[in-house]
Amino acid sequence: MEERASSEPGAAEVLPQHEFDRRSLQAHLKEHLPGFEAEPEAELVVTQYRSGQSNPTFYLQKGCQEYVLRKKPPGPLLPKAHQIDREFKVQKALFSIGFPVPKPLLYCSNASVIGTEFYVMEHVKGRIFRDFTIPGVSPAERSAIYVAMIETLAQLHSLNVHSLQLEGYGIGAGYCKRQVSTWTKQYQAAAHQDIPAMNQLSNWLMKNLPDNDNEENLIHGDFKLDNIVFHPTQSRVIAVLDWELSTIGHPLSDLAHLSVFYFWPRTVPFLNQSSHFQEDIGIPSMEELISIYSRCRGITPILPNWNFFLALSYFKMAGILQGVYSRYLLGNNVSENSFLFASVVQPLAETGLQLSKRTLRTAPPHGDTTQQLFAQSKRGQEVLSQVKHFMKQHILPAEKEVIEFYAQNENSENKWEKPLVIDKLKEMAKAEGLWNLFLPAISGLNQVDYALIAEETGKCFFAPDVFNCQAPDTGNMELLHLYGNEKQKQQWLEPLLQGSIASCFCMTEPDVASSDATNIECSIQRDGDSYVINGKKWWSSGAGNPKCKIAIVLGRTENTSASRHKQHSMILVPMSTPGVEVIRPLSVFGYMDHLHGGHFEIHFNQVRVPASNLILGEGRGFDIAQGRLGPGRIHHCMRIVGLAERALQIMCTRATQRVAFKKKLYSHEVVAHWIAESRIAIEEIRLLTLRAAHKIDTLGSSGAKKEIAMIKVAAPRAACKIVDRAIQVCGGAGVSQDYPLANMYALTRTLRLADGPDEVHLSAIAALELGDQARSLRAKV
């Protein structure tokens, strides 16, 4: 029998007051625990976990076998406390249905073995975060951990108590009233001094019980970050621990208990915490957690009596800590810092009282659209609010990490890969329903809704990718949605919508002036049940993405009897098809655009694909292109507005920080005018973008041709000027990697060419305007 330094994190030698007969334990386990004697010669090593303030918990190791033992504390105990038989029962029920708990192995009710009842469960290897700020991980991973935690809580509360065969585990109806009564008695039994706030809070809670105090869900009772084991490398819950306070009751009590740190009094230090709650470190807001929880459970995020449950949580916590201090006075507590809790009870009770008087918002705020020229739908307001929170809490804090990844891998074999943080952010966005927002048939959003959402995502270069709203995939998904047949949709659209594959669009050619699309020379020739493609393409965006599996190719299926706009078709070409040759990536002002999979020259040499891969039919290429490019062009402009806002923000921040010629930069008239002109320009292009979006919503893409062309010219021009001004204000730093401005300029300047150069759009605008004017004159005559 040994006791030595433990390799198990958080475990150390057994405290003197919690020592027990180890030989007796080993004999009992040898007889009753299968597999315990797999290595007969190995010694049983026992250490004690220092975390937790209630039931003593021990790490057992015998050779390669690892276990965890939980027992009652010694000495006199409060009534109905430390019922470890209940812990074992609920874990056994949950483990049987696959809910993440350690596997319960053995329960011993014979107190003569080690002095108290105990049970043994499997040891789960993973990460336990004692500090709710989770230091040492990225903001994105921090967010993913919180999302996984709240999803697990929602999963617990969605379980059917009867199917778990836990009838009688708790009374259920009247839970809140019993909780107030129970914790009032527990506090009074353990109190070492009179704390008026505890009495006042107890009275308020009893007088303000929820009307719906009849919900019967399995609840944990102490659901929080440090009672959860996460996967060693993934943001995934693999075990929920410490079921001592579990019962049948109201689920909002668990949710409120998890939310108390948002309101924690700054005068009271958190146990094991490096700091109090901070924004912008990746921890979701309370409203975000409630939104995810509500969506997982299928309930409204507007929670009745939320202040009651928060106040109850603080009352309960104050009562628990009073009991911990009482056990400290008796000398049978685990934690060495239990003496500190005497001074914590009062401020916690006072915080509970303050919360009882507040009206708290649990749903994300809705925007006021009464004064908007182009009003969003109710769903659009909700999603925009969610996206803004997601951007602020998760995406912008991860920007530095993403930039560093691409800087470090610029010349490596992994340069076309995406950093893991983006995949984690995608999982989070998908879990929150912030996915495929660009496609009205799926998102339920109209173009005006999406315009304001895309503006937000335009503020960070990788944000559209997080929401599966990135070019060129959005245009290709719209194309397949509008024009693809059922087989094409099933084979290619579905995985694109899932984000499991990516795509590229092959239209522009190196040997012809592709701004006149009728010049396209790539041939698509029918040969029996196949089409054979031959030609050269370039600026095929996304082709370098390792997930790029399909290309949509525009080519000539020549029909001499048809008009010049009826001689081209579009066809689906899997990238793995023999004859598809990816030649080289093309730089954009020196940037390779690794995040987007780059822009490539691709040759098609006798590439043969089934005739069923043709989209819509021969000669329909230009019809499809206009349907694809209409929304695609405006999506670019929507994001450009957000990019311009970000550039103006950088400009203003720099102008207020730097001094030149003995005054702040903004005090120089030229800089002040740049700021003013930039704001005017942003408001102009935003309104024009919204007008184009409104036209698409009401008249379709064909009815919005002029507005789409106008904003396609105006937005990149305006954004170029704004970014250029920001670079001037930032000086040398503006063109360095320390700011995103150089990359912004490259993007906006390129958009004056992409999807048609300015000059083509200006000609189209002029023709449409002249037509409108002519019709107006005829109408007057």
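This is a predicted model: local features need pLDDT of at least 70, side-chain atom pairs count only at pLDDT 80 or more; totals for chains, interfaces and linings use all residues.

A: Start with a cut-off. Buried means under 20% relative accessible area, exposed means over 50%, and partly exposed lies in between. Glutamate 37 has a relative accessible area of 24%, so glutamate 37 is partly exposed.

Now look at its partner. Glutamate 37 forms a salt bridge with lysine 62, and their closest N and O atoms are 3.2 Å apart. Lysine 62 has a relative accessible area of 1%, so lysine 62 is buried.

Why can such side chains pair? Side chains of opposite charge can pair when their charged atoms come close.

Next, go to lysine 695 and glutamate 707. Their side chains meet in a salt bridge at 3.1 Å, N to O. Lysine 695 belongs to helix H19 (residues 669-703), and glutamate 707 to helix H20 (residues 705-730). They are 12 residues apart. Lysine 695 counts as buried at 18% relative accessibility. Glutamate 707 is buried too, at 5%.

A further salt bridge joins aspartate 758 and arginine 752, at 2.6 Å from N to O. Aspartate 758 is buried, with 1% relative accessibility. Arginine 752 is partly exposed, at 23%.

Some salt bridges share partners. They join Glu455, Glu645, Arg679, Glu683 and Arg686 into one network. The structure holds 33 salt bridges.

Definitions and conventions. Residues are numbered from 1 along each chain as its sequence is written. Side-chain values use heavy atoms; hydrogens and water are left out. A salt bridge is a side-chain nitrogen of Lys or Arg within 4 Å of a carboxyl oxygen of Asp or Glu. Buried means under 20% relative accessible area, exposed over 50%, partly exposed in between (1.4 Å probe, protein chains only). Helices (H or I, at least four residues) and strands (E, at least two) are DSSP runs, numbered from the N terminus.
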